[in-house]
Amino acid sequence: MTTRPLRFITCGSVDDGKSTLIGRMLHESKCVFEDQMESLAKDSRQFGTQSGKVDFALLVDGLQAEREQGITIDVAYRFFSTPKRKFIVADTPGHEQYTRNMATGASTADLAILLVDARKGILTQTRRHARIVAMMGIRKVVLAINKMDLVGYEEATFRRITSEFEEVAAGLGIPSVMAIPLSALEGDNVVAPSGRTPWYGGLGLLGLLEGVALEEPLGSAPFRMPVQWINRPNAEFRGACGRIAQGRIRPKDPVRILPSGVETRVKEVLAWGGPQGGAEIGDSITLTFEDEVDVSRGDLLTSPEDAPQVADQFEANLIWMSEHPLVAGRPYLLKLHAKEVTATVTSIKHAVEVNTGAHGAARSLGLNEIGVVNLSLNQPVPFEPYATNRTLGSFILVDKLTFETVGAGMIQFALRRAMNIHWQALEVDRAARARLMGQKATCVWFTGLSGSGKSTLANLLDKRLHTEGKHTYILDGDNVRHGLNRDLGFTEADRVENIRRVAEVAKLMSDAGLIVLVAFISPFRSERRMARDLFPEGDFIEVFVDTPLEECERRDVKGLYAKARRGELRNFTGIDSAYEPPEHPELHLRAGESSLDSCVEAILKHLS
Amino acid sequence: MLDRGLESESIEIIREAVAGAAKPVMLYSIGKDSSVMLHLARKAFYPAPPPFPLLHVDTTWKFKEMYAHRARMVAESGMTLLTHTNQEGLAAGVNPFTHGSSYYTDVMKTEALKQALDLHGFDVVFGGARRDEEKSRAKERIFSFRSKGHRWDPKKQRPELWNLYNTHIQPGETLRVFPLSNWTEADIWEYIRAEEIPIVPLYLAKARPVVRRGGAWIMVDDERYPLEPGESPEVRRVRFRTLGCYPLTGAVESGADTLDSVIAETLGARNSERQGRLIDSDQPGSMEKKKQEGYF
């Protein structure tokens, strides 16, 4: 018998009696202590919804705000055990606005209990919960039809709801559904079968949970271990630490290191106390190798046969978890097992309407929205599809500026195999080309409000550099928008794409050895960061042309401010669209106060 | 039965936290949970010692046997121990008797902890808290984000899915990391027995001098304890389920003087372990409030 606890999630709304059920299970399994019962009785009188009777829901709603409002805001983890098994329950909120919390609870669960009010049957929210459960890869569902006391413990009601749900589950690909009639409030079928549902004939909920088999199909699958940490206390010892995500390992076993593809053999499987005979899925261990191989955090150790794919483009399910919507083209940090890379969503294939499963076109994803997206990574990573291995197919997206966790994703498949693509190793490189021109390839990036003087400065600088015999080129906002980017408008998503293209063009030009002068408003920090990341350290010079808005508006060379003020021009930076000033530009020019010549001199000085 | 999965999960958490940290530290409170956490940290980096120091926030009111145990474990692990006491609090004579447990905890524990973290500039702090201990802890992430000033905002927690932990923070922000989040009190005891982890002898029953305060037995560990006029401690067989500052930690009467009998008692207990901790119940929602202020 496994001693691993059964981890499950309970889904249902406030009124379905979810917290009451958990509280009841804790109580019935004798996991509520007397002092906790005493404070529960006290709290029930103060906050309870059972007119002074013991309100088991208060056992699990832990935050003050939750108790005052009688709702569950966040995921709570509860622990209880019976003589046969240990359990960890993730109690999650049922409201639509808490989809992300439900996904969080489901991500580590083996089983889900879906609560349904017997009087109401299968509701929209039941379908939503089932859809999230299925998407998160939970294969076992207990359909708990609660409040049977309020429908007279009627068998027909139970059968009708069960068969309706079985159809829903089949449509979602949930392979196992166990239905049970309950009254959490009265305690019917919570522990032992209830005399009031003689037609049911099954186990009580606790008995059912005790008996659920946990399959470990990955235990005998090919070996996989993400490398979390390189242990190198001294020159003599070097070990790769990680937790086995699939299969088993023994000394002398051959392993391949991905993405490099280098192969070696395991010398020792180390754990506390010394070398071990072997280790298996779920174990945290340290491996040493027979050869001196290059291995680092984020690599995946794998058996050489049936090695997983390595790719840099995926299709994935994505749940958005931030107030600030997903913007296609914007770079985010992506964490997949122990590997962290930069990723952009290249396209949103469709959004999934979480209540019905309907597909709809979408240009972005908002908080709690789910979509199927294509992702592009800045380097290839080894992975398994989520359906094969949750550990090796799940990822989170982190905002590069705020460091919020903004999205959670599940890889479906690779769009192309990066293994098959070999970057042409360029013999004549960037430095060689620039050397021939007698210069250092650089990108000077001017950012600032419209009318701040970016183009004027870039032109003056261009002339000065040209007379000095340097090879230069100017990329100007207006010029590029007439050609390369004429398909783009001024929404946030289009502005992101605008900058991405310009940055890539600037990169190619500087790879050709040129000094590229880019004059773009480029209002968002994250896009300027993306541009900077394309260039080698020191080759990207951010110049903040800091002219006060009033001055820009006074100049209004193109008459755009006037238009924007009249409401004829939407999303105009400084008026109804934000400008995020650079925090650490290489040069900060106060173009309103100092002469243009002195500004140009300052840039030239920085370049030399 | 012992669950090896818990051990492996905790080791994974510890390694992940260290990999993402600039300057990590492990809070070491000398209690049983700290003992298990320290043991797991040593396992995580074996054969090397853990690449971070231990930090003990010393209120000066711990049991004498705790200080002795601390010295032993530091020697055995080969790790560096940092201790910190809120000197202003000490100079002002803040103590658990005249100032009340709430104010005392705030000054000598919460404030002292924040001082120590700021002083050394630690960005990742391991703590031995478990989710089964208390209701607001049940809601806390394993990697718990703290804004500048070490504040916890329960409504603004980062989503935490699978075993993927977001370790990114801005300068001035910190992470509290709880490797024992998914352990229960029974798990801790079973693991201590299986791994033969040394613990402070106060966890085992013995005849000790105690007085009755607020429904709990308080051990008179030194002459600083204020007795009522004419009062003298009585000797009873007691043990402790948790260890903190001795004047604030209630003992239970027990005959359990071996690990086996302690475990048997724990599994059959009818009261929660934190019942003996007076600071949990000194105000409504008290643990949640203390946590928001920066308490562990």
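Which residues in α2(B) meet residues in α3(B)? The legends below, which describe a predicted model, begin with this contact.

**Figure 1. Helices α2 and α3 of chain B in contact.** From α2(B), the residues B:S35, B:L38 and B:R42 meet B:H69, B:M73, B:E76 and B:S77 of α3(B). Helix α2 spans residues 32-45 and helix α3 spans residues 64-77; their axes come within 12 Å and cross at roughly 5°. Because angles under 35 degrees count as roughly parallel, α2(B) is roughly parallel to α3(B). Sorted by class, the contact contains two nonpolar, three polar and two charged residues. An α-helix has 3.6 residues a turn, so residues three or four places apart point the same way.

**Figure 2. Helix α6 of chain B and its surroundings.** Nine of the eleven residues of this helix (residues 185-195) are buried, so the rest of the structure largely encloses it. Among them are B:W189, B:Y191 and B:I192, and also the charged residues B:E185, B:D187, B:E190 and B:E195. The buried residues pack against β3 (86-91) of chain A, and also against α1 (4-20), α2 and α7 (259-267) of chain B. Just after the helix, B:E196 has a positive phi of about 50°.

**Figure 3. The open five-stranded sheet of chain A.** The strands follow the order β27-β28-β26-β29-β30, and their pairing is parallel. The edges are formed by β27 (472-476) and β30, each of which has a single partner strand, so one side of each lacks a neighbour in the sheet. From one strand to the next, the twist averages 15°. Helix α17 (residues 596-607) packs on this sheet and touches β26, β29 and β30. The direction of α17 makes about 175° with that of β30(A).

**Figure 4. Strand β29 of chain A, buried on both faces.** Six of the six residues of β29 (residues 540-545) are buried, so this strand is largely enclosed by the rest of the structure. In a regular strand the side chains alternate between the two faces of the sheet. On one side of β29(A) lie A:F540, A:E542 and A:F544, and on the other lie A:I541, A:V543 and A:V545. Strand β26 (residues 442-447) runs parallel to β29(A) and is joined to it by five bridges; here A:V444 has A:I541 as its bridge partner. Three bridges join β29(A) to β30 (residues 587-589), again in parallel, and A:V543 has A:L587 as its bridge partner.

**Figure 5. Aromatic pairs and a ring cluster.** Over all chains, the structure holds 25 aromatic pairs. One of them, formed by A:F544 and A:Y579, is stacked, with 6.0 Å centre to centre and 20° between the planes. This pair links distant parts of the chain, 35 residues apart: A:F544 belongs to strand β29, whereas A:Y579 lies in the loop between α16 (560-565) and β30. Both A:F544 and A:Y579 are buried. A tilted pair is formed by B:F52 and B:F126, with 5.2 Å centre to centre and 40° between the planes. B:F52 lies in the loop between α2 and β2 (54-57) of chain B, and B:F126 lies in strand β4 (residues 124-126), 74 residues apart. B:F52 is buried at a relative accessible area of 5%, and B:F126 is buried at 0% relative accessibility. Ring pairs also link B:W61, B:F63, B:F97, B:Y225, B:F240 and B:Y246 into a cluster.

Conventions. Residues are numbered from 1 along each chain as its sequence is written. Chains are lettered from A and ligands numbered from 1 in the order in which they are written. This is a predicted model: local features need pLDDT of at least 70, side-chain atom pairs count only at pLDDT 80 or more; totals for chains, interfaces and linings use all residues. Side-chain values use heavy atoms; hydrogens and water are left out. Axes are lines fitted to C-alpha atoms, for helices over the stretch in contact, and angles run from 0 to 180 degrees between N-to-C directions. Helices (H or I, at least four residues) and strands (E, at least two) are DSSP runs, numbered from the N terminus. Angles under 35 degrees count as roughly parallel, over 145 as roughly antiparallel, 65 to 115 as roughly perpendicular and the rest as oblique. Contact means heavy atoms within 4.5 Å. Buried means under 20% relative accessible area, exposed over 50%, partly exposed in between (1.4 Å probe, protein chains only). Two strands pair if DSSP finds at least two bridges between them. Rings of Phe, Tyr and Trp (its six-membered ring) pair if their centres lie within 6.5 Å; planes under 30 degrees apart count as stacked, over 60 as edge-to-face and the rest as tilted.
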